[in-house]
Amino acid sequence: MLCMAARTGRNMQRYSNQDHRLVVGCIPYRYKNVKINGRSEDHEFEVLVISSKKSEAMMFPKGGWESDESVEEAASRETLEEAGVLGKVECELGRWIFKSKSRELYRQGFMFPLLVTQQLDLWPEKTARKREWVSVSEAREACQQWWMKEALDILVNRLKSSTTV
């Protein structure tokens, strides 16, 4: 059963040894069904971006990693709460230390690919955010956070190398 309320508060929030708040997120993606010479191929993919709650800025879903969940569970939960999609969390793309835009504090971010298997019509932050499936180049242009762009580049390289094997 899915919970349709987003978690709130920071009482269960995890922090690094350097006192950086730990945040996790996903790059939700799906393959586009493209016809090549009359055959259906699944080599191209698109990613899901969401709007910030505070502005129209687009990004990938992310949020706090809490003490009662694994990093993968936190990434999946944040993606469900913010983007309304479910799927398979895959191998970590990397870890980044970045400065919070709202405060002069540093965060440590973990990003994962999430192969989307289900897109929900209702989700906890539906009224607070917009979501949009876009091409990789559109996502790179829309996303303002350098570390999320780096994660996207790693995902693109990983998916391209897996389709050429």
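I looked up C91 to begin with: its relative accessibility is 59%, so C91 counts as exposed (buried is under 20% relative accessible area, exposed over 50%, partly exposed in between, with a 1.4 Å probe and protein chains only). I'm working on a predicted model, where local features need pLDDT of at least 70, side-chain atom pairs count only at pLDDT 80 or more, and totals for chains, interfaces and linings use all residues. Residues are numbered from 1 along each chain as its sequence is written, and side-chain values use heavy atoms, leaving out hydrogens and water.

C91 sits in the loop between β5 (85-89) and β6 (94-99) (strands are DSSP runs of E, at least two residues, numbered from the N terminus). Which residues does C91 touch, leaving aside neighbours within four places in sequence? I found F112, P113 and R158 in contact with C91, contact being heavy atoms within 4.5 Å. From C91 to P113 I get 7.1 Å, C-alpha to C-alpha, at 22 residues apart in sequence.

Next, rings. I noted 6 aromatic pairs (Phe, Tyr and Trp rings, the last by its six-membered ring, with centres within 6.5 Å; planes under 30 degrees apart are stacked, over 60 edge-to-face, the rest tilted). Y29 and Y31 pair edge-to-face, 5.8 Å centre to centre and 80 degrees between the planes. Y29 has 2% relative accessibility, so Y29 counts as buried, while Y31 is partly exposed because its value is 29%. Y31 also pairs edge-to-face with F45, at 6.4 Å and 70 degrees. That pair joins distant parts of the chain, with Y31 in β1 (residues 21-36) and F45 in β2 (residues 39-51).

Terms used: Helices (H or I, at least four residues) and strands (E, at least two) are DSSP runs, numbered from the N terminus.
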